[in-house]
2 protein chains.
Amino acid sequence: MKLISGGVCAAKGFKANGVHCGIRKNHTKKDLALIVSDVPAAAAAVYTTNLVKGAPLLVTKENIANGTAQAVICNSGNANTCNWNGIQIAQDMCGLVEKATGIAASDVVVASTGVIGQVLDITPIAEHMAELTEGLSYEGSLNAAQAIMTTDTISKEIAVEFTVGGKTCRMGGIAKGSGMIHPNMATMLVFITTDCAISPAMLQKALSHDITNTFNMLSIDGDTSTNDMVTVLANGMAGNAEITCEGDDFAVFMKALNTLTISLCRTIAGDGEGATKLLECTVTGADTLEAAKTAAKSVICSSLLKAAMFGADANWGRVLCAIGYSGADVDVSKVDVSFRSAKGEIAVCKDGAGIPFSEEIAKEILLEKEIDILISVGNGPYSASAWGCDLTYDYVKINGDYRT
Amino acid sequence: MKLISGGVCAAKGFKANGVHCGIRKNHTKKDLALIVSDVPAAAAAVYTTNLVKGAPLLVTKENIANGTAQAVICNSGNANTCNWNGIQIAQDMCGLVEKATGIAASDVVVASTGVIGQVLDITPIAEHMAELTEGLSYEGSLNAAQAIMTTDTISKEIAVEFTVGGKTCRMGGIAKGSGMIHPNMATMLVFITTDCAISPAMLQKALSHDITNTFNMLSIDGDTSTNDMVTVLANGMAGNAEITCEGDDFAVFMKALNTLTISLCRTIAGDGEGATKLLECTVTGADTLEAAKTAAKSVICSSLLKAAMFGADANWGRVLCAIGYSGADVDVSKVDVSFRSAKGEIAVCKDGAGIPFSEEIAKEILLEKEIDILISVGNGPYSASAWGCDLTYDYVKINGDYRT
């Protein structure tokens, strides 16, 4: 398994592009992305658990119900959610892809991110489909990655190479993280492509399992968006024997997917709205996986802990507090806590009570950009990690103050 | 039912005082409070659900297990939590009350708020018990209210007068809200006194029911403290026939308690850390009480909504989003939302979709200090309210930046 470049175009047979079509007012910001596979691909997706679901999600769900897709279209600047005509517009976007590429509308994954509650005008999309498809390229991943950004400060791409049945396979992805355009909410979108041959059922199984330990363990601000979606297209062009059951090949595929998704989680967390730090909380020694996950996620979601990390304050009381109210079945009198970064590691709490430590060294460790919060809750066999970011003035500014 | 002055000393036979004993470094800040009833009182309490519980809570729980108490001692500046000797110190505090007042240590409610994980030195408390008890007064509520403050910006007192069985009864309370002293977490303490005669069992029943609609519907930042506690002492000195069962008298008592607790909830929410606005979210038309409460609390807890309110931004998408991920069983296509303040009311969402509204008028409404978020989710019979505050730069400053 090695990291390679190329993002969503790293896998054989995937082209991508991104253009500015005019949904966003800023002419320097791309707002329309297209990813196309040379051949039909197995498709899998997971969606937000929010009861309010964006119209594009509903259309995508229907389109990939048969386990195949060949293209992804995504706009930023408007989430096409909570509108009377959302479904129609999302279907029309798929229709535009069919018209421009010949790929059936029912084989298109459609996504939108941005303002909710404002009708999405399809005209600028229609007018730029020619430009979008003519510019499709096997090196177009960055364009697509840029076109799905909202308040993300960096574009997010990653790709890996791995071997299945003697064949070299590639898998790549692009993502957008927490973004906000009035009046909207954080929205995470991830599009993954691979040339590995895998059946739709096994692809969905891999994705559904993977996200329980990756994207579902990620929190920027505790708000679950209406438009969150992760999709994978697998076009089989690597030439390996199709993965149709569990076994070594599936394990390698899962490993590749997990490498990709953890990397994207970390990138999204570190680029959370207003964030200055990436936080990774790892809980070990739990008696159940559920307890480890619940405790880790509770710590990463605590506003008090997040604010303390912004201030590089070794406030372990907030870690204990967040474990205590998490609902996780742990013995709080056995909890150890330490903080770690590139500058070193410092233990701050042992058996649920404070221990003497150097505030100066703790400060130095916590001033770094990536902080690990390490928690041992006993001698059990389970562990889990969760990812998040600090709570900063800029988070408040982006989400409260940006119109004044 | 009418509002009266006197706080925790409004009820007959309750004295209080607060002094600076030296747990807090700032000499102008009181840090030790005492409330004493002239006669033994029925006692009830509710405690944090955090698995990490402050030592004083455990001692209080034991002391009032028999349903009676006669005094409350509370210090600020140190939470006496996560320390090896916490229980002993809390018991010693009760012992000091016995020595100074003659009230049995086992009849004392003990509470602490402030830093956690640092051993509480009992010496300054012991040295100031004489001053504390000598200063006890039937007009001493404000002193006590001030002594339990941490980062609260205002002291919190309220009292009401009501009639039970022809006798005039009084009930009063003091509270402290979200406060932070390194390294600590938000802590809410509420002490209520009444001269109404009521059995311990009915007192506990009243309190346990009341908090499900009041303090349990309050959120400053989503973090549940280790030291939260609400206690009521009822000394019977109003001379009414003791309330020992449900009925009209109990209903009047519940009403008085509810008036008091809702007022304290609103005061605590409005004085949340860094808050500039009090938010009250009311959900009506739900099919179950649970759905109404879950939806209201989810909205009040949303960081995105809280930041939007700080910016006076009529961002109804965040309201819908928070309802959608709350887990409440509601039909999101039937949700109406409006915002209301002293400046008027404006509808912003109807049947789950945006409606045209004047951004200018919305802004004017949302620039007020008290905002009602009104949500109708259908035609069901249940409603619920929750209280919170906006998310501001100062919240981040208080909790992240205050040591740098």
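**Helix packing and burial in a predicted model**

With 29 C-beta neighbours inside 10 Å, B:Leu320 counts as buried, because 20 or more such neighbours are enough for that description. Please keep in mind throughout that this is a predicted model.

B:Leu320 belongs to helix 10 of chain B, which covers residues 316–325. Which residues does B:Leu320 touch, if those up to four places away in sequence are not counted? In chain B they are B:Val332, B:Val335, B:Cys349 and B:Gly352, and from chain A come A:Val52 and A:Cys82. I would also point to B:Val299: it is 21 residues from B:Leu320 along the chain, and their C-alpha atoms are separated by 8.3 Å.

I turn now to helix 10 of chain A.

Helix 8 and helix 10 of chain A pack with their axes 8 Å apart, at an angle of about 130°. The two helices are therefore oblique to each other, and their crossing is right-handed. Helix 8 of chain A contributes A:Ala295, A:Ser298 and A:Val299 to the contact, while helix 10 of chain A contributes A:Val319, A:Ala322, A:Ile323 and A:Tyr325. By type, these residues divide into 6 nonpolar, 1 polar and no charged.

Beyond its neighbours within four places in sequence, A:Ile35 is in contact with residues including A:Val8, A:Phe14, A:Ala71 and A:Phe191.

Finally, I come to a helix pair in chain B. Helix 6, residues 200–213, and helix 7, residues 248–270, pack at an angle of about 45°, and their axes are 10 Å apart. This pair is therefore oblique, with a right-handed crossing. From helix 6 of chain B, B:Met202, B:Ala206 and B:Asp210 meet residues of helix 7 of chain B, among them B:Phe250, B:Met254 and B:Leu257. The contact between these two helices comprises 6 nonpolar, 2 polar and 1 charged residues.

How values were computed
Residues are numbered from 1 along each chain as its sequence is written. Chains are lettered from A and ligands numbered from 1 in the order in which they are written. This is a predicted model: local features need pLDDT of at least 70, side-chain atom pairs count only at pLDDT 80 or more; totals for chains, interfaces and linings use all residues. Axes are lines fitted to C-alpha atoms, for helices over the stretch in contact, and angles run from 0 to 180 degrees between N-to-C directions. Helices (H or I, at least four residues) and strands (E, at least two) are DSSP runs, numbered from the N terminus. Angles under 35 degrees count as roughly parallel, over 145 as roughly antiparallel, 65 to 115 as roughly perpendicular and the rest as oblique. A crossing is left-handed if the near helix is turned anticlockwise from the far one by less than a right angle, and right-handed if clockwise. Two residues are in contact if their C-beta atoms, placed from the backbone, lie within 7 Å. Ala, Val, Leu, Ile, Met, Phe, Trp, Tyr, Cys and Pro count as nonpolar, Asp, Glu, Lys and Arg as charged, and the others, Gly among them, as polar. A residue is buried if 20 or more other C-beta atoms lie within 10 Å of its own, exposed if 12 or fewer, and partly exposed in between; C-beta atoms are placed from the backbone.
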